Amino acid sequence: MWFFVLFESMIFTAYFGVYLYHRGQHETAFLAAQSHLDLGLGVLDTIALLASSWAVARSVQAARSGRYDAARRDALLTAGFGGVFAVLKVVEWVHQVHAGNTFTSQEFFQFYFFLTAIHFIHLLIGFVVIGVLVRQLSGVERRNQETVETCATYWHTVDFLWVLIFALVYVVR
Amino acid sequence: MFSTLNKRLLVVWVVLSAITVAYLWIDHSADDNGAARASTAVTLSAILLALVKVRIIMREFMEVRDAPRRLCWLTDLWVALMAVGLIGMYLVGKAAA
């Protein structure tokens, strides 16, 4: 699983590098387009996803100590916070498209939609992974700590990739 | 033991959220009478703070602090390489502008 984590972070770092290179070249245009984003919404997104990471970390601890009902509750809480993030993201996309900021409108929004969409796909896969985690925790014969930890590691990867996207797309000047 | 670990996880989440909220202050500090302006200092701070958050997530939530030493070193090296790569690409792009 750690090979996957490092591989994914390498791929995303390459995307981020290309974005930052273009941003450095066209700072004024990127800054003007970026002003259409709501930083407060980005902060809320990030806190929701960090909360989901916190919940799945609790789930791992609970499963390790044999408290499977608590572990299952925390896994469902993880999906709940992830759902909040997903809804906020869709609301933001709809708002941007209505404001005329689309994939083809400006270079900044090409990067914005590409990075947030590719992250969103990882998030959707994450929901499937959390589903596997809940199923694992629900059946006595299926419980396996290694699988629980692997599912959590995937979710944390989705979280830290967003932490980077948030800083680079919403905050960088 | 279990309760102590859960408290630690909560503290970690609070710290990560506080760093996230601090971005609002960084953002306002870069404004020029309400108008956004480019700032290399803000860009570098944003990248470094994000990487600090990534390291905290790896160490605490992903339990790297309890992992074999080799994984600790590898993840730290990875974060450092990401820092060099991201800051380097931004500065090269600026220089080529």
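**Figure 1. Thr28(A) sits in helix H2 (residues 27–34) of chain A.** Helices here (H or I, at least four residues) and strands (E, at least two) are DSSP runs, numbered from the N terminus. Thr28(A) is exposed, with a relative accessible area of 67%; buried means under 20% relative accessible area, exposed over 50%, and partly exposed in between (1.4 Å probe, protein chains only). Look across to Arg173(A): this residue is 145 residues from Thr28(A) in sequence, yet the two C-alpha atoms are 9.3 Å apart in space.

A word on the model and its conventions: this is a predicted model, in which local features need pLDDT of at least 70 and side-chain atom pairs count only at pLDDT 80 or more, while totals for chains, interfaces and linings use all residues. Residues are numbered from 1 along each chain as its sequence is written, chains are lettered from A and ligands numbered from 1 in the order in which they are written, and side-chain values use heavy atoms, with hydrogens and water left out.

**Figure 2. Chain A has six helices and zero strands.** Followed along the sequence, the pattern of chain A reads α-α-α-α-α-α. Its C-alpha atoms fill a box of roughly 55 × 30 × 20 Å along the principal axes. Of the 173 residues in chain A, 56% count as buried.

**Figure 3. Phe3(A), Phe7(A) and Met10(A) make up a nonpolar patch on the surface.** Patches are built from residues with over 30% relative accessible area and no salt bridge, joining like charges within 9 Å and nonpolar side chains (Val, Leu, Ile, Met, Phe, Trp, Tyr) within 5 Å. Phe7(A) belongs to helix H1 (residues 2–25) of chain A. With a relative accessible area of 38%, Phe7(A) is partly exposed.

**Figure 4. Asp45(A) and Lys89(A) form a salt bridge in chain A.** The closest N and O atoms of this pair are 3.1 Å apart; a salt bridge is a side-chain nitrogen of Lys or Arg within 4 Å of a carboxyl oxygen of Asp or Glu. The pair links distant parts of the chain, with Asp45(A) in helix H3 and Lys89(A) in helix H4 (residues 68–98), 44 residues apart. Asp45(A) counts as buried because its relative accessibility is 0%, and Lys89(A) counts as buried at 1%. A search of the whole structure finds 11 salt bridges over all chains.

**Figure 5. Arg64(A) reaches Glu63(B) in a salt bridge.** Here the closest N and O atoms are 2.8 Å apart. Arg64(A) lies in helix H3 of chain A and Glu63(B) in the loop between helix H2 (40–61) and helix H3 (69–96) of chain B, so the pair joins two chains. Arg64(A) is partly exposed at 40% relative accessibility, whereas Glu63(B) is buried at 17%.

**Figure 6. Glu60(B) and Arg8(B) meet in a salt bridge within chain B.** The N to O distance is 2.8 Å. This pair links distant parts of the chain: Glu60(B) is in helix H2 and Arg8(B) in helix H1 (residues 2–29), 52 residues apart. Glu60(B) is buried at 14% relative accessibility, while Arg8(B) is partly exposed at 38%. Salt bridges with shared partners join Arg8(B), Glu60(B), Arg65(B) and Asp66(B) into one network.

**Figure 7. The largest pocket holds about 220 Å³ of space.** On a 1 Å grid over the protein atoms alone, a pocket is an open set of points where a 1.4 Å probe fits, with protein on both sides within 12 Å along at least five of seven lines, and lining residues have an atom within 4 Å of a point. Grid points are joined across faces, edges and corners, and a volume is the space filled by probe spheres set on the points. Of the 14 lining residues, Trp2(A), Glu149(A), Thr150(A), Thr153(A) and Met62(B) lie nearest the centre. Helix H3 (39–64) and helix H6 (145–171) of chain A each supply at least two lining residues, and H6(A) gives the largest share, six. The lining divides into seven nonpolar, four polar and three charged residues; Ala, Val, Leu, Ile, Met, Phe, Trp, Tyr, Cys and Pro count as nonpolar, Asp, Glu, Lys and Arg as charged, and the others, Gly among them, as polar.

**Figure 8. The second largest pocket has about 160 Å³ of space.** Among its lining residues are Leu31(A), Tyr170(A), Arg173(A), Asp27(B) and Ala36(B). This lining comprises five nonpolar, two polar and three charged residues.

Key. Areas by Shrake-Rupley, 256 points an atom, 1.4 Å probe, with all protein chains shown as cover.
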